[in-house]
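Visitor: I have a model open on my screen and would like a friendly tour of how it is put together. Could you take my questions one at a time?

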Amino acid sequence: MENSLLIVVILMASFFVASALPSPFSPTATMLASILRSLGFRELSLAAHSLTESPWSGGPYTIFAPTDASISVCGSCSVSRILLEHTLPGAFSVTYLRTLAFGTMLETMAPGRCVTVTSDLLNSTKLFIGGAEIDRPNLFNNGFVVVHGLSGFVSHLPAFSCIQGPAHAVPAFSIMGLMLRDASRRLRISGYSVLALALRVKYADLASLHNATVFGLNDEAIFARGQAYVRDVRFHIVPNHLLMDHDLEELPADTVLPTLEGNQTLAVTTAGGGGFLEPMRINHVRITSPNVVHNLKIVVHGLSEPFPHLNDPPAAESSSCEIQGSMDGYESCALPPTLEIQSTAEIDDRHGF
């Protein structure tokens, strides 16, 4: 029933989808440095130049930018570290920040370090990040990079700032929900509007994950020959694994990948190694567009057609195998997996947005 409703909703919504636009802007360290320099944050700009590109792949980002004068007061501070500790994965407007509970902790680009959002109890319009006031909100916002200006003293965040102490009643903030919203927005403007809507419908299943790899069809492929994909989208999502193209290249043949369909799995039927995911096949299907959209938690790879269920028994041989169960109308025979990768999640992301 749920799948049938999903198909109807998506097919109806597709008639109102605008034509695909060019791929969205993806910020890099060089671009961030240019933005910060143009806004007068010279110290942060130099720090952005000194960082490698890898921390800035994907996006979007929100930077709470202290002034050069504030940074200079902390003589022992590393400016590069200050930048990472004041940058959040995700686009946070001031309007949204005001909706957060007093004391909400937000995970930064510095692993294991969180900033705390507070407000003035007498003047709720004043917001503070780690005790420094956001006195110049929305200095820059292009949808993928947001910059808010800070005033006041800044210093390094404690090593265990993301761990709740007895005085903190508000749990650490999960970024999976924000990453889902970001991926959906970017998919819509990249020609994957149906997939974007499907992810929205499956939000409850996805928000509790640590990360995810999604294999999808673009709108043209779905309406040409991929209607079954809409019904079977959970079979195309690998939970708690962030598998970029180079990660997929390294998977040997017969590697088994879990899916959101529970006991139904995907398999690497042909290993890669030839570059650009050639001749790699998953369930005998080629990945045509690797890394269509990716951020800190989600990566989407484009397919030319939906994955077939390798465990489905052929009609003429259905009596030769024992049916173990069904899922969304598909019955499958149990085949022993040869190689299975385990979850990469180190912690439970229990507070989905």
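Guide: Gladly, and a definition comes first: helices (H or I, at least four residues) and strands (E, at least two) are DSSP runs, numbered from the N terminus. Two strands pair if DSSP finds at least two bridges between them. This is a predicted model, in which local features need pLDDT of at least 70 and side-chain atom pairs count only at pLDDT 80 or more, while totals for chains, interfaces and linings use all residues. Residues are numbered from 1 along each chain as its sequence is written, and side-chain values use heavy atoms, with hydrogens and water left out.

Visitor: Which residue in the turn between strand 11 and strand 12 has a positive phi?
Guide: Strand 11 (residues 255-258) and strand 12 (residues 265-270) run antiparallel and are joined by three bridges. Leu-257 stands opposite Leu-266 of strand 12. Six residues lie between the two strands of this hairpin, and the one in the turn with a positive phi, about 75°, is Gly-262.

Visitor: Which residue has a positive phi in the turn between strand 3 and strand 4?
Guide: Four bridges join strand 3 (residues 104-107) to strand 4 (residues 114-119), and the two run antiparallel. Leu-106 has Val-115 opposite in strand 4. The hairpin has six residues between its strands, and the turn residue with a positive phi of about 80° is Gly-112.

Visitor: How far apart in space are Ala-101 and Ser-119?
Guide: Ala-101 sits in the loop between helix 6 (94-97) and strand 3. Its relative accessibility is 42%, so Ala-101 counts as partly exposed. Ala-101 and Ser-119 are 18 residues apart in sequence, and their C-alpha to C-alpha distance is 9.3 Å.

Visitor: Which strands are at the edges of the open sheet of four strands?
Guide: The open sheet has the order 10-9-15-14, with mixed pairing. Each edge strand pairs on one side only, and these are strand 10 (237-239) and strand 14 (287-294).

Visitor: What is the bridge partner of Ala-212 in strand 10?
Guide: Strand 9 (residues 212-216) and strand 10 run antiparallel, with three bridges joining them. In strand 10, the partner of Ala-212 is Pro-239.

Visitor: Why is helix 7 called roughly antiparallel to helix 8?
Guide: Axes are lines fitted to C-alpha atoms, for helices over the stretch in contact, and angles run from 0 to 180 degrees between N-to-C directions. The axes of helix 7 and helix 8 (residues 193-201) come within 7 Å and cross at roughly 160°. That crossing makes helix 7 roughly antiparallel to helix 8, because angles over 145 degrees count as roughly antiparallel.

Visitor: Which residues of helix 7 and helix 8 make the contact?
Guide: Contact means heavy atoms within 4.5 Å. Helix 7 contributes Ser-184, Leu-187 and Arg-188, and helix 8 contributes Ser-193, Leu-195, Ala-196 and Leu-199.

Visitor: How many helices and strands does the protein have?
Guide: Across the 353 residues of the protein, buried residues make up 46%. The count for the protein is 12 helices and 18 strands.

Key: Parallel < 35°, antiparallel > 145°, perpendicular 65-115°, else oblique. Buried < 20%, exposed > 50% of the residue type's maximum accessible area, 1.4 Å probe, protein only.
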